[in-house]
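Good morning, everyone. Let me put the sequence and the model on the screen, and then we will walk through it.

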Amino acid sequence: DRATGSVITRRGYGTSSEFKVETLSASPASVDLLPQGMATSAATLTVGIGSYSRQVTLSRAGLVRVQP
């Protein structure tokens with residue numbers, strides 16, 4: 001909730017979660033997703049399992065791309 005600063009939903013990751021990733025990093029560290037599908041800033045996430053990793057980009061307009 002942007003008005004109060006409360007976190008509405010938080011998802012965990014790791015081998016015991018539904019997201020079985022081992023490493024996850026993001027730049028910037030946090031992004032607000034607005035109800036109409038917009039984001040407050042663009043972001044790049046790096047997701048990895050073992051030696052395999054992929055970058056995922058998120059645009060402010062809501063476009064999500066997995067980079068080759």
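Let's begin with the contacts. Among contacts in the protein with a separation of 6 or more, 18% are between residues 24 or more positions apart. Contact here means heavy atoms within 4.5 Å.

A word on the ground rules. This is a predicted model, so local features need pLDDT of at least 70 and side-chain atom pairs count only at pLDDT 80 or more, while totals for chains, interfaces and linings use all residues. Residues are numbered from 1 along each chain as its sequence is written, and side-chain values use heavy atoms, with hydrogens and water left out.

Now the overall picture. The protein has 0 helices and 4 strands. Both come from DSSP runs, numbered from the N terminus: helices are H or I with at least four residues, strands are E with at least two. Read from the N terminus, the elements go β-β-β-β. The C-alpha atoms fill a box of roughly 40 × 25 × 15 Å along the principal axes.

Next, the surface. The accessible surface is about 5,300 Å², and 55% of that belongs to carbon and sulfur atoms. Accessible areas come from the Shrake-Rupley method with a 1.4 Å probe; for residues, only the protein chains shown count as cover. How much of the protein is buried? Buried residues make up 12% of the 68 residues. Buried means under 20% relative accessible area, exposed means over 50%, and partly exposed is in between, with a 1.4 Å probe and protein chains only.

On to the sheet. In what order do the strands of the open sheet come? The order is β1-β2-β3-β4, with antiparallel pairing across the 4 strands. Two strands pair if DSSP finds at least two bridges between them. The edge strands are β1 and β4, residues 64-66, and each pairs on one side only. On average, neighbouring strands of this sheet are turned by 15° against each other, direction ignored. For such angles, axes are lines fitted to C-alpha atoms, for helices over the stretch in contact, and angles run from 0 to 180 degrees between N-to-C directions.

Take the pairs in turn. Strand β1 is joined to β2, residues 43-49, by 5 bridges, and the two run antiparallel. Ser25 has Thr46 as its bridge partner in β2. Ser27 stands opposite Thr44 in β2.

Then comes β2 with β3, residues 52-58: 7 bridges, again in the antiparallel sense. Thr46 turns up here too, with Gln55 as its bridge partner in β3. Gly48 stands opposite Ser53. These two strands form a hairpin with 2 residues between them, and Gly50 in the turn has a positive phi of about 60°.

Last pair: β3 and β4. They are joined by 3 bridges and run antiparallel. Val56 stands opposite Val66 in β4. This hairpin has 5 residues between its strands, and Gly62 in the turn has a positive phi of about 100°.

Why point out those phi values? Most residues other than glycine have a negative phi, and most peptide bonds are trans. That brings up another spot. A cis peptide bond joins Ser27 and Pro28, with omega about 0°. Pro28 itself lies in the loop between β1 and β2.

Let's compare two alanines. Ala26 lies in strand β1, residues 23-27. Ala43 lies in strand β2. Which of the classes does Ala26 fall in? Ala26 is partly exposed, because its relative accessible area is 41%. Ala43 is buried, because its value is 7%.

Now their contacts, leaving aside neighbours within four places in sequence. Ala26 touches Thr44 and Leu45. Ala43 is in contact with Ser27, Pro28, Val31, Val56, Thr57 and Leu58. And the distances? Ala26 and Thr46 are 20 residues apart in sequence, yet 6.4 Å apart C-alpha to C-alpha. Ala43 and Gly12 are 31 residues apart along the chain, with 18 Å between their C-alpha atoms.

One last stop: a patch. Tyr13, Phe19 and Leu24 make a nonpolar surface patch of about 270 Å². Patches are made of residues with over 30% relative accessible area and no salt bridge; like charges are joined within 9 Å, nonpolar side chains (Val, Leu, Ile, Met, Phe, Trp, Tyr) within 5 Å. A salt bridge is a side-chain nitrogen of Lys or Arg within 4 Å of a carboxyl oxygen of Asp or Glu. Phe19 sits in the segment before β1. Phe19 is partly exposed, since its relative accessible area is 38%.
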